[in-house]
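Visitor: I am new to this structure and would like a close look at a single part of it. Could you pick one and then show me what lies around it?

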Amino acid sequence: MKTESQRDPFMDLLRMGALLTIVVGHWAGIVPKLAGGVIAGVMVYVADPRYWPVTWLFDDLPLF
């Protein structure tokens, strides 16, 4: 296990950015719909399949 002085701050920043990208991607990927008086969420690529490649921008899990 690395100690505090051995950690690379750039990698920590990259990981933090990756986490934020995942959170933003989950929030931006939902299209709210009103169905029978209830608000439901539909994934954006289900509503319009043309947005499927845009989801690849948020695929940053390999950074971990």
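Guide: Let's look at strand E2, residues 38-43, which is hardly covered: of its six residues, the number that count as buried is zero. Buried means under 20% relative accessible area, exposed means over 50%, and partly exposed lies in between, with a 1.4 Å probe and protein chains only as cover. Strands (E, at least two residues) and helices (H or I, at least four) are DSSP runs, numbered from the N terminus. This is a predicted model, in which local features need pLDDT of at least 70 and side-chain atom pairs pLDDT 80 or more, while totals for chains, interfaces and linings use all residues. Residues are numbered from 1 along each chain as its sequence is written, and side-chain values use heavy atoms, without hydrogens or water.

The partner of E2 is strand E1, residues 30-35; the two run antiparallel and are joined by six bridges (strands pair if DSSP finds at least two bridges between them). Lysine 33, for example, stands opposite alanine 40 in E2. E1 and E2 form a hairpin with two residues between them, and in the turn glycine 36 has a positive phi of about 65 degrees.

Now step back to the chain around the hairpin. It has two helices and two strands, in the order α-β-β-α from the N terminus. Buried residues make up 9% of its 64 residues. The chain exposes about 5,600 Å², of which carbon and sulfur atoms supply 70% (areas come from the Shrake-Rupley method with a 1.4 Å probe; for residues, only the protein chains shown count as cover).

Helix H1, residues 9-28, includes methionine 16, which counts as partly exposed because its relative accessibility is 48%. Met16 belongs to a nonpolar surface patch with Phe10, Leu13, Leu14 and Leu20, and together they have about 510 Å² of accessible area. Patches are made of residues with over 30% relative accessible area and no salt bridge, joining like charges within 9 Å and nonpolar side chains (Val, Leu, Ile, Met, Phe, Trp, Tyr) within 5 Å.

H1 also holds arginine 15 and aspartate 12, three residues apart, about one turn of the helix. Their side chains meet in a salt bridge at 3.4 Å, N to O (a side-chain nitrogen of Lys or Arg within 4 Å of a carboxyl oxygen of Asp or Glu). Aspartate 12 also meets arginine 7 this way, at 2.6 Å. A search of the whole structure finds three salt bridges, and one of them joins arginine 50 to aspartate 48 at 2.6 Å. Arginine 50 is exposed at 66%, whereas aspartate 48 is buried at 18%. Through shared partners, salt bridges join Arg7, Asp12 and Arg15 into one network.

Turning to the aromatic residues, a search of the whole structure finds one pair. The ring centres of tyrosine 45 and tryptophan 52 are 4.4 Å apart and their planes stand at 85 degrees, so the pair is edge-to-face. Rings of Phe, Tyr and Trp (its six-membered ring) pair if their centres lie within 6.5 Å; planes under 30 degrees apart count as stacked, over 60 as edge-to-face and the rest as tilted. Tyrosine 45 is partly exposed at 28%, and tryptophan 52 is partly exposed at 40%.

Finally, threonine 55 lies in the segment after helix H2 (44-47). The C-alpha atoms of threonine 55 and glycine 29 are separated by 7.8 Å, although the two are 26 residues apart along the chain.
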